[in-house]
Amino acid sequence: MNPVNPVNPVYRRRLLAHRVGIALSIGAMAIGLLFLGWILFTLLIKGFSALSLAMFTETTPAPGGDGGGLVNAIVGSLLMVGAATLVSTPIGILAGMYLAEYGEESW
């Protein structure tokens, strides 16, 4: 009996399992995209009203204080990226030079 024959019960069972799996995967993807769209829509609607120049230029207030901005977080992120770049760039360049010179003989 040909295994691709639609009359074959093993083939029909596998085809049904495949179709059910695909349908469940598409359903899970649709639910995930629905929630993602909902979150993004809410973020855009409520977030645009909070954007201002003060948000990017003022420091973070004390707990319980009103107003304030994100300059501390932005500067901290830039410092961490700068430090990581200063540490990782020489290591990467030296590793590349080592592999170019001595790495041809082995993996």
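Hi everyone, let's start with a bend: helix α3 bends by about 25° at Ser88, and a proline, Pro90, follows within four residues. The bend here is the angle between two axes, one fitted to the seven residues ending at a residue and one to the seven starting there. Helices are DSSP runs of H or I with at least four residues, numbered from the N terminus.

Before going on, please keep in mind that this is a predicted model: local features need pLDDT of at least 70, side-chain atom pairs count only at pLDDT 80 or more, and totals for chains, interfaces and linings use all residues. Residues are numbered from 1 along each chain as its sequence is written, and side-chain values use heavy atoms, with hydrogens and water left out.

Now to the aromatics. Rings of Phe, Tyr and Trp (its six-membered ring) pair if their centres lie within 6.5 Å; planes under 30 degrees apart count as stacked, over 60 as edge-to-face, and the rest as tilted. That rule gives two aromatic pairs. One is Phe35 with Trp38, tilted, at 6.0 Å centre to centre and 45° between the planes. These two sit three residues apart in helix α1 (residues 9–47), so about one helical turn separates them. Phe35 is partly exposed at 45% relative accessibility, while Trp38 is exposed at 55%. For those words, buried means under 20% relative accessible area, exposed over 50%, and partly exposed in between, with a 1.4 Å probe and protein chains only.

The other pair is Tyr98 with Tyr102, also tilted, at 5.4 Å and 45°. Both lie in α3 (residues 71–102), four residues apart, about one turn of the helix, and both are exposed. As a reminder, an α-helix has 3.6 residues a turn, so residues three or four places apart point the same way.

Where is Gly21? Gly21 is in helix α1, and with a relative accessible area of 30% it is partly exposed. Between Gly21 and Leu79 there are 47 Å in space, C-alpha to C-alpha, and the two are 58 residues apart in sequence.

Is Gly69 buried or exposed? Gly69 counts as buried, at 8% relative accessibility, and is found in the loop between α2 (53–57) and α3.
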